[in-house]
Structure formats: structure tokens, C-alpha cells
Amino acid sequence: MKKIDLHIHTKSSCQDRPFLFNEEKLKHYVSEASLDCIAITNHNLFDLSQFESIRNALSILVLPGIEVDMEKCHILVVSDGQVLDDFDKRCAKINSQWRSTNAPLSFDDFSNILGDLNQYILIPHYEKDPKIGSEVLDKFCGQITSGEVRSPKKFVSCIKDPEKLVPLYFSDCRVDVNLDPLPTRQTYLDCDDVSFGTLREVFRDKNKVALTEAEGNNLFQVFPDGQHLSTGLNVVLGDRSSGKSHTLQRICDWFGEDNVRYIRQFDLVARNEAEDEKKFKDFLSESTSIFSKDYLSDLQRVVEDVLEVDLDADLKSVENYVTSLLEYAQEITKHDTFSKAKIYSEDAFVKKNLNGLVELIESTKHLLSNVDYREIIDKHIEVPALRELYVELMKNYCVQEEINVKKTWVNVLVQDVKAKLQRKSSAPKVSDVDFLNVLLNQRKVEKFEKIVALARKPNTPLRKNKRGFEIVAQVGPFSGAGELKEVSRSTKGFSSAFAKYDKPYLFLNELRKIGDPVSPADFSKFLVKVEYKILNRDGFEASGGERSEFFLLDKIEGADGAEILLIDEPESSFDNHFLRADVNELIKEMSQKMPVVIVTHNNTVGASIQPDYLICTRKEISGTDVNWRIYSGHPTSKKLLSTEGLELPTRDVLLGNLEAGVEAYEQRGITYENLKN
């Protein structure tokens, strides 16, 4: 097996934090990691003189490369190093274009600058941001066979998926004097020697790449001292204050806080009932916000339509019309030739609202273009009939739109003539009012208030089972201003608004007056209360302890997006029946797709769960020195080993940490046997 790292930065660029390359540190890294091959791949640049200096300083294969920003992804371009001058010139063009545009290269520019792409090893960011998209990958027409991943989880996922590229795992490190700890992210290759040609061949075969030399993809290195973890389920054992939590934190730091789902000891246990109640409600609101938004979306569309209605303005326009009409009728003596012209008091043409017709056209178009349900659609409506309907609707739309355009043109013309007549006449002017629009607005508000009344009718629109619990959503009216304030998550007062709550149109106007953070886009959630509850297996609302159980299951299940799941002593908060029946099963499921590390003293978790790998932490004092030593191995191994080669009997570790020692274990066995008999 050979060990490689083809993603190393030795020169700072505008893509990096500033750093100063240190050649001695690179030598130290290569030596400590026992690397057989590296590649120098700086961002959008290649330094020929520096590369030659590095190659001369190392006794392993050092390949020239460059990391190129190309179409929103990063791609490593590694050359065989035979014609360095030519590679240097091409990289200089990439650097020049990057500096002038500060934008990623297009695929065409990338190809034109580098020439024949078959002469390179191309390794894009694959399961690692910024990653290559499938549409960009397709442009390479098979010239890319491998991709860089960001974690052991992604590496194993790619290995298991026959559709994925061959995964490669590299350090992506910046080599300066402060490179500490040394990187532990490298890839092992199943080959006898390392050459450019060998790499190209190996990068086509998933069976030739691995995370470790002896254990393949079952383990991966986590610390520079050589400590490994399983890519499946790891159980950490140890006495009190032996470094278990310290080890978890080191693992968390190694992956990076943002990439870890860390469930800490006692995190989920209720301490204060009121605080726990609020935390629980907040959690439910956040985790079910998509349902709330979907459920209230239709009501929100009605709200947005009603917000355009101003009944006060409508009433004022009618009053102005009546007043001006009376004045017009009373001032007969002021009527003249201009005011007696019919057009003087002519009403404007009302344009037809074509929104319904437009929606009908779009629906017909959707039926024509739908692929997923083509067979069902064709069974009831033939395509020729749909096409004829679409054409006829479009023709009708054109006719109606033409009429509306003509009405607009005539209205403008009439308004212009009326204005001129009114300027020349001494007779009073009759105010304009659109009675149809006034009436429609009134009807719109009436319908809106009926819709809100129906929406507030108590109902349970959501029932969702989740690992023995049931999430239910109950809707109904708000009972006070305080509840509205909770929804807003602000310090604004809602007393004035709630006084109008039974009159939804007036209530909307009061919400408008409140302003930020009460946005019109969210008015629907103030009209109808959506409240969530968790029910236990018996159908009753979950107690404080049951809520904690639900939180734990949800946090474990929600770790999918993380690179590793860490759990610190779940038995501190939960009973054995729950751990064995619910938690263990879920943890085993999660460990099939990501590394999981559990710290425990509990036999139900530590042994019954059947881990893939055991880790034992020991605090060892020698004089004034304190050593936090880690022993590890498979549960079937007779001994657990430290990275220094020290040993612990696996049986003693298990009995000492999970069974309170051999004597206590044997005594309990006698007790159970006596009770049985």
C-alpha cells in the first residue's frame, strides 16, 4: 500500500489566508505521515522555482499541480512534471486571467489554456464544497474518474454507490511553521510503486483506494499520533475524569464544530419547567415551520389580495361623488355648452380582469407538457384536444386583451377631453368613482372574513408518527394579545390589534400599524393559531421526561447532514428500556451511513449495541506528568492497544467500565440465578 496527499498549498493567494511556506515543516509532515507521493496545488497559480526546490528537497514523488477555479467549483490539475516549462506557462495564463477577471474560468477557457486534458490527472471537489455539478462533470466526457471528498463519511458513501466517482481524501493543508497538528487526511493506494501512470490507473478503481492500510475503509485516522476511529459505531469507555469528554472534544475539533452533531451530557434534560416548555414550543415551531407555511399559504394569498383593499378610501370616493353630483345638480345656472356635452360626465370603461383566463391557459400548458403523469392524462384527455383548447384559450385571451387595450386608449382620450371641457366650463365637476370596484372590494372583504372564520375553526390537520411519538398540529383562534406577541418574537404590544381580532379586515390594518417585525408576508400566522404537541404512545401529551426522549431521538435522526455524530453518556438522562428499545436501534441505523462515537458507562449502550470499535481512555500519572492515553481495538480483540504499543485486556476494560468490575458482575449473576430458581 502507498500513501498519498495530492492537495497541498505552499503559496498564499487571494483565495487563502496569508501564510509563509516553511520547507522544513513540509519535510516533517511527509516524514511523520510516511507519504509516498504529494502534489503541490496552489490556488490559480504555480511557482516553478519553489516547486523545483521542494522536489529536490524530498526523496518521494512530488508532482506539479494547480487548483483551478472553474465554473463555480475547484478542480485539481496534476501534471506528470516531464515538461515543467510548458506547464508553468499554462498556469501563468490561468493566473493572469484570474487576476484580470477575479472570476472562475469557463470550461472552454479551462480547456483552451491547458490544452489536451488527457495529459493530466483531473480531480474536482466532488463531495466537498465548492463541488462540481453534474452538468459540468458531463462536459469532461469521461476524462474525470475520481473526486476529492471532505470526510470519511463521504469517502465510504462514494465507495458504496456504484454511480459515484472514485473518492480521494486529501489534507488541503497550508504548509507554514504553524502547521500543527499535522494533517491526518490522506489516501492509501493498493499498488506496488507510485508513478504518474500508476495514479491514473488506480484512480479508476474503487477497490484500489482506502482510508487505512490494514483496515481498508473500516477505520480512519483521527489524530496525528496514529489514533483511529471506525467509520461505523465507536464506543468510548473509561473511569471518571479519565479523558472521555476531552477525547470527544478533540474529535469534534478535528472535524470542525460546523461538521459535527454533538449531543452533550444532560443537554436534553429538563431543568426548569417553564423554560423547558418554551424551549419545546420553539423546537416544534422551528421543526414544523414548513408545515405551518404550507398550511397557511392559501390564507396568505387571500390576505395579500385583501391588503390591496382600502374600504375607507372607497367610502370617501363615494361620498365625494355624491357631494359633487348634488352640487352639479344644484348649480344649474352655471351649466353651459361645455358642461352639457355628454362626454363631460362620461364614466370610464371598466377593463376585464383576465387573471382567471391566464391561470386556465397555464394549467392547460402544464397538462400538455407534463411527463410524470402523461399516461393518466392521455387516458382522459387526448393531446390533440388539449392543443385545440390551448389555442382557443390563447385566441380568446388575445381578443380580450385587445378590447382592454382599446378601453385603455379610449379612457385616456375621454379623460383628456373631459379635462379640457371642465377647464373651460364654470359648472361643478362630478368626481369619478368606480362603483363596480367599490362593490367588489366590499364583497372581497366579506368573503375574506368568512374564510378566516373557517380557518379559525378548531381542527387537527397534521398527525405525524415519529419513533413511537406523534406530532400533532392543532389550529384555532388566538385567545389573547400575549399569544400574538409570542408569535412575533418581539417586544411590540398587540393589545390594540387584538381588540379588533374578531374583525379580520380591521385586524389586518392594526397589524400594519405595528410595523417591524410584523411583516405583511406573515400576517396569516397572526390570524390563525397553529399549535404543536407531542403525544406519547398512549395518546397523552408528552411529559418532561418523554420530551427529552423525543429530543434525543430527533437530534440523532437529524444528524444526517453532519460528518460525525458524538453522544456523551446518554444513560445519564434516560432509562435502560428506552435506550435499548429506541436509542440503540436508531444509533445502529445512523452508524451504517456515518461515524458515530458514544461515551458510556452503561452496559445497555456499551455492550448490547454491539459496537464496531472500542476506545478506552486512561488518566495515567507519572510523577508530576499527567498522560491522557487512549487504547483502542475491535470488540473481538483480546487486547486494546495504545498508539505507543501499550496493552489493556479487553475483558477487563468491559467488566471494569460496564459491569462495575468482575466481582460485582459475578455477584449479580448469582443473585439473578437465585431469583430465577
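Student: By class, how many nonpolar, polar and charged residues are there in the lining of the second largest pocket?

Tutor: Happy to! The lining has 9 nonpolar, 4 polar and 7 charged residues (Ala, Val, Leu, Ile, Met, Phe, Trp, Tyr, Cys and Pro count as nonpolar, Asp, Glu, Lys and Arg as charged, the others, Gly among them, as polar). This is a predicted model, where local features need pLDDT of at least 70 and side-chain atom pairs pLDDT 80 or more, while totals for chains, interfaces and linings use all residues. Numbering runs from 1 along each chain as its sequence is written, and side-chain values use heavy atoms, without hydrogens or water.

The pocket (an open set of points on a 1 Å grid over the protein atoms alone, where a 1.4 Å probe fits, with protein on both sides within 12 Å along at least five of seven lines) has a volume, the space filled by probe spheres set on its points, of about 640 Å³. Closest to its centre among the 20 lining residues (an atom within 4 Å of a point) are Asn353, Asn437, Leu440, Asn441 and Lys444. Two elements, helix 10 (289-306) and helix 16 (435-455), each give two or more residues to the lining (helices are DSSP runs of H or I, at least four residues, numbered from the N terminus). Helix 16 supplies the largest share, 9 residues.

As a side note, Ser324 sits in helix 11 (residues 311-330). Across 108 residues of sequence, its C-alpha is 9.5 Å from that of Asp432. Ser324 also touches Lys429, Val430 and Ser431 (heavy atoms within 4.5 Å), leaving aside residues up to four places away in sequence.
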